[in-house]
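Have the viewer open as you read.

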2 protein chains.
Amino acid sequence: MVSEKMKPFMANNSAIRAMFEEGNRMAEQYGRENVYDFSLGNPNVPVPQVNDAILELVKTEDFNTLHGYMSNAGYPDVRQTIADSLNLRFGCHFSAGNLIMTVGAASGLNVILKSILNPGDEVIVFAPYFVEYDGYVRNYDGKVVVISPDTETFMPKLSEFEEKITPSTKAVIINNPNNPTGVVYSEEIIRSLAAILERKEKEFGISIVLISDEPYRELAYGGVQVPFITNYYHNSVVVYSYSKSLSVPGERIGYLVIPDELEDSKELIQVATIANRVLGCVNAPSLMQKVIQYCIEHDVTVDLETYERNRDLIYSALTEYGFTCAKPDGAFYLFVKSPVEDEKEFCETAKKHHVLFVPGSSFACPGYVRIAYCVSYDQIKRSLPAFKEIAKEYGLTQ
Amino acid sequence: MVSEKMKPFMANNSAIRAMFEEGNRMAEQYGRENVYDFSLGNPNVPVPQVNDAILELVKTEDFNTLHGYMSNAGYPDVRQTIADSLNLRFGCHFSAGNLIMTVGAASGLNVILKSILNPGDEVIVFAPYFVEYDGYVRNYDGKVVVISPDTETFMPKLSEFEEKITPSTKAVIINNPNNPTGVVYSEEIIRSLAAILERKEKEFGISIVLISDEPYRELAYGGVQVPFITNYYHNSVVVYSYSKSLSVPGERIGYLVIPDELEDSKELIQVATIANRVLGCVNAPSLMQKVIQYCIEHDVTVDLETYERNRDLIYSALTEYGFTCAKPDGAFYLFVKSPVEDEKEFCETAKKHHVLFVPGSSFACPGYVRIAYCVSYDQIKRSLPAFKEIAKEYGLTQ
């Protein structure tokens, strides 16, 4: 009954999602307060202004406009508000027509990949990376090409990148700030990436789309800047989601930016709008589009300090206990070196202490684990004795 | 830059959507009140209890639960509420596990087709039908097989159907009540369909999934019953959307039912849940899932009388002016015979009178047009002189 193409997913379903379901089961068994679930990037910081926006919109807007169909690309006024905001913040010159509202970033990635990929086209990603990308690329019969991780800095290995670009390369996906490492690619790195791409486009006479997946754009700490890629490379597409910056991952709201500088941009915008419809989304959820507009107009984002405080607590505790980990500048993840080679064993050991996190093999980077610290400060504090016990078991601490 | 597979869409984009955009342009030029737009199935009847639900949920539910991730199939309690309601109404025995919440019916169709189709598999549809199905089937390299329309009754031509089933047939899509004709397939028709499918499954030793796309289930007039297909055929999948029954098409909320009786149902439910994620939806919008639960618990549906009143007004006026049309029992469409062979010419003529509707060729049934009467009673009333003028131009009336 099941399609051949879907069968591999059954054997190898998302370990992150499996861990999330496991966490829910354990919470039922042991009580939510006795399970330290760091598996999913499910934000825990409320953004009350989102609810303010909903209340105001429901009370003031016409029912059938608020909940009805609009253009498949989204409400023109919402797209214009986002364009204006990006122009102001990053010195761009987008109009509403450069934006397509999407059902989150996952759907935005599907829309752009469906719009550009032919069977066999190669899409380059940098390990560690969110392996859901594999599924998105396979949806359109593309082929994922993985650049091996630089486990010193977790920055892209540029020389390997340049070597692996071929005449079949159609796209490159970066994720900045990065899930699962929390590192932020600097302006210098983006410039180097862009220079390589331009060189290779010329060498092979091809077009390569640099897709920047940016759900964590607003989550950068200590004044670290996240470069806006359309300012650095002509064939750039930005994929954004409000899941993390407004703590609404369940609501599925984000957008695509396809700038005028991109080759055949008019055609591509038209095709991506159709892809949004034909993939079955039709349009991004309507009320949430208007909520986004309200939040931009009222300058709302999640309280960053909460996550920064979480980071500081868990990072200093874990390194004190002897764990090894690069200090992240953004997102809400720690990417910790496993004290044993098989990090899945490490995950199992932690689970015995009711601590849940995700193996690095789920990010094409075995030997590491991802700890999502978008949980309450209190959960982190209460989990520390368990982490200390685990460290002891591995002889990292006394 | 554009994928080969997407190129045909550019030449042949949705005529319905093009008409909708044209309607918006004309409304700007002539004033909304002077354009009689019957192009899109965009409900105009508010369901204020939807807003009540939103207000209550926002005030009482935990922020991160209401707007956060849940299982990819949707909140278990929401799915259980829907299952209970279906069991009560249709004598089924579904549990939460048989349901997957989806981003509307369009996404539900994509999810089930992605889950079952292999390249070259045939999917049978009955003209006239919603031609977006073509795109959905093509997404997974399936092949649409069209059964020609019975323009007398607009019921499925069962003998042609039986002939066109081959060993490559994987699915059949029906749409009941029907868009664009408004007819409702009776229990007798569904029984005959099921009998043919069972016979052919045995003859060819294959499994054929009967997919019933039911966004108009709640919109049946005069006590007409819409049979619930899982009661008639084992390999049935129901695709539902609240777009029409709660007037929220922009919000993208619906569900799939995969019953236990379906072959390999456990596997298929798992795969469809993964498909929901991997296609990029991840999950159906979270707040709206809870709104659905509230509306079921409070027995909320759209006020049917409004649409019935609309139907009676436009049907009697148009037939009085000499137009030919089957009286619809459900949905909110009239499928009217074009007074000239080329119905696109008829659409153009109507447009000169500021009346917009959609050519039947958009439903694989040229020679007819679809008039969506999910507009205000007042709009219908004000449009009647224009319809009368059009009828005069074609010599249908004095």
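## What counts as buried

A residue is called buried when its relative accessible area is under 20%. Keep in mind that this is a predicted model.

## Two ring pairs in chain A

Counting over all chains, there are 44 aromatic pairs in the structure. Take A:Phe94 and A:Phe228: the ring centres are 6.2 Å apart with the planes at 55°, so this pair is tilted. A:Phe94 belongs to the loop between helix H5 (76-90) and strand E2 (99-102), while A:Phe228 belongs to the loop between strand E6 (209-213) and strand E7 (236-241), so the contact ties together parts 134 residues apart in sequence. A:Phe94 has a relative accessible area of 7%, so it falls under the 20% cut-off and is buried. A:Phe228 is buried too, at 2%.

Next up are A:Phe335 and A:Phe363, whose centres sit 6.4 Å apart with planes at 90°, so they meet edge-to-face. Here strand E9 (residues 333-337) supplies A:Phe335 and the loop between strand E11 (358-359) and strand E12 (368-372) supplies A:Phe363, so the pair links parts 28 residues apart in sequence. A:Phe335 counts as buried at 2% relative accessibility, and A:Phe363 is buried at 0%.

## A cluster

Some rings group together: A:Phe38, A:Phe323, A:Phe346, A:Phe357, A:Phe387 and A:Tyr394 make up one aromatic cluster.

## Lysines over tyrosines

Which ring does the charged end of A:Lys290 sit over? That would be A:Tyr75, with the charged end 4.4 Å from the ring centre. In chain B, B:Lys290 lies over the face of B:Tyr75, at 4.3 Å from the ring centre.

Note on methods
Residues are numbered from 1 along each chain as its sequence is written. Chains are lettered from A and ligands numbered from 1 in the order in which they are written. This is a predicted model: local features need pLDDT of at least 70, side-chain atom pairs count only at pLDDT 80 or more; totals for chains, interfaces and linings use all residues. Side-chain values use heavy atoms; hydrogens and water are left out. Rings of Phe, Tyr and Trp (its six-membered ring) pair if their centres lie within 6.5 Å; planes under 30 degrees apart count as stacked, over 60 as edge-to-face and the rest as tilted. Helices (H or I, at least four residues) and strands (E, at least two) are DSSP runs, numbered from the N terminus. Buried means under 20% relative accessible area, exposed over 50%, partly exposed in between (1.4 Å probe, protein chains only). A charge sits over a ring if NZ of Lys or CZ of Arg is within 6 Å of the ring centre and within 35 degrees of the ring normal.
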